Amino acid sequence: MRTIKKSIPWKNRILAAMSLLLLAAVLCNVSRAQAAEKVDMEQKGTLALYLPEDDMVMDMALIKGADAAGELKVHAWKLADMLETGKYELSEEFRGLGLGEDAWGEVSASEDGWRELSRAAMDMIYELDEDGNPVDGPMMPATYDNTIHVAADGTIAEAETFSGMDLGLYLVVVDEAQSPGYAYSFTPMIVSLPWSEYQYEGTADDTWQYAREAFLKPAQQLRYGSIRITKELTDYNVSQGDVTFVFDVVARESEDPDSKIVYSNVVSLTFSAAGIQEAVLEHIPAGAVVTVTEVYSGANCELTDSPTGSRVVTADGEEGSPITFSFENRYDEEAKSGYGVENRFRYDTERNTYQWTTDRPDIGDGAVGGNETEAGE
């Protein structure tokens, strides 16, 4: 059972963070925390949200929301009511923030003040981890919920907005979202409805504006997946000793054979009897196109079955992960006889060859080049 945590200490944190500001700056911001014109309390607010126009948004068009692809879930909590004078009065649910009239002046004095207020409110709404990120859903319902759709070009349709909002100060939170290759988190925002240029910039324009536009602030993080290589040796000749099979693993950004290599490794499986073995390779960028090739089939063994073509890596935790590449070999009586000395080699990406070495190798960590493995001949 979760309980709502006490938030009184946040008041002290906010006041302490702001106490180093110069008194003149504080007084200046207090004076412009409201415009000269009175707020029209009969009005309603409208909030339109947009994504920034950068390289990140193209992949965001592939996001997967909780219910459907291409959706972002957005929530808004009203922290405070807007008064006719342009000042704020904490909403009932957020009285625990403990902000009186004097504290509002200190909070509004800088970006840090609003950031601290956002963190304090998040702490009341969510259970947070050490980095301040929600570990589960909210512990209190939002004042408003909305779903905004991401278009094919990664932008958000202008028509999808919060409308008919009561006037006040809001905390706006966007749920985490995922595309095949990336996870996205969004910085919570404090938004005032209505707002005025005078209120934030101290300009001569003190007209209250009841419609507002804001840009979401996403952070992008790579997702990773795994692959499984399975090998079945259908029969085995004990007199030949251990048999080692070597696999070359290459993952590229796309199906284009000339696209950038994002993962390269060499892995081996050694048999001392007939049966099935497997190797799992982790931390491969999700969405990458991976190819697994058996480059060494051991002495006296014939490759009888192998996967064809490349496959797209699925992120860990999703259905279909890890993807599996299956190989089958059998003992070939007509092949040349091997011997029981185990040799080892290193794959040289520059020469595109395997270089023999006497060093004991380790399986690589996924970096391109310099990975080692071992083989028996």
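I start with a polar contact of 2.5 Å between the side chains of Asn-237 and Ser-239, where a polar contact is a pair of N or O atoms within 3.5 Å, one able to donate a hydrogen and the other to accept it, and residues adjacent in sequence count only if both atoms are side-chain atoms. Before going further, please keep in mind that this is a predicted model, in which local features need pLDDT of at least 70 and side-chain atom pairs count only at pLDDT 80 or more, while totals for chains, interfaces and linings use all residues. Residues are numbered from 1 along each chain as its sequence is written, and side-chain values use heavy atoms, with hydrogens and water left out.

Asn-237 sits in the loop between β12 (224-233) and β13 (243-252), strands being DSSP runs of E with at least two residues and helices runs of H or I with at least four, numbered from the N terminus. The side chain of Asn-237 also makes a polar contact of 2.7 Å with that of Tyr-331. With a relative accessible area of 19%, Asn-237 is buried, which means under 20%, with exposed being over 50% and partly exposed in between, for a 1.4 Å probe and protein chains only.

Turning to helix α5, eleven of its 15 residues are buried, so α5 is largely enclosed by the rest of the structure; among them are Trp-114 and Asp-123.

Strand β1 (residues 45-50) has five of its six residues buried, so it too is largely enclosed by the rest of the structure. β1 pairs with β5 (residues 161-165) in the antiparallel sense over three bridges, and with β10 (residues 211-215) in the parallel sense over five bridges, pairing requiring at least two DSSP bridges.
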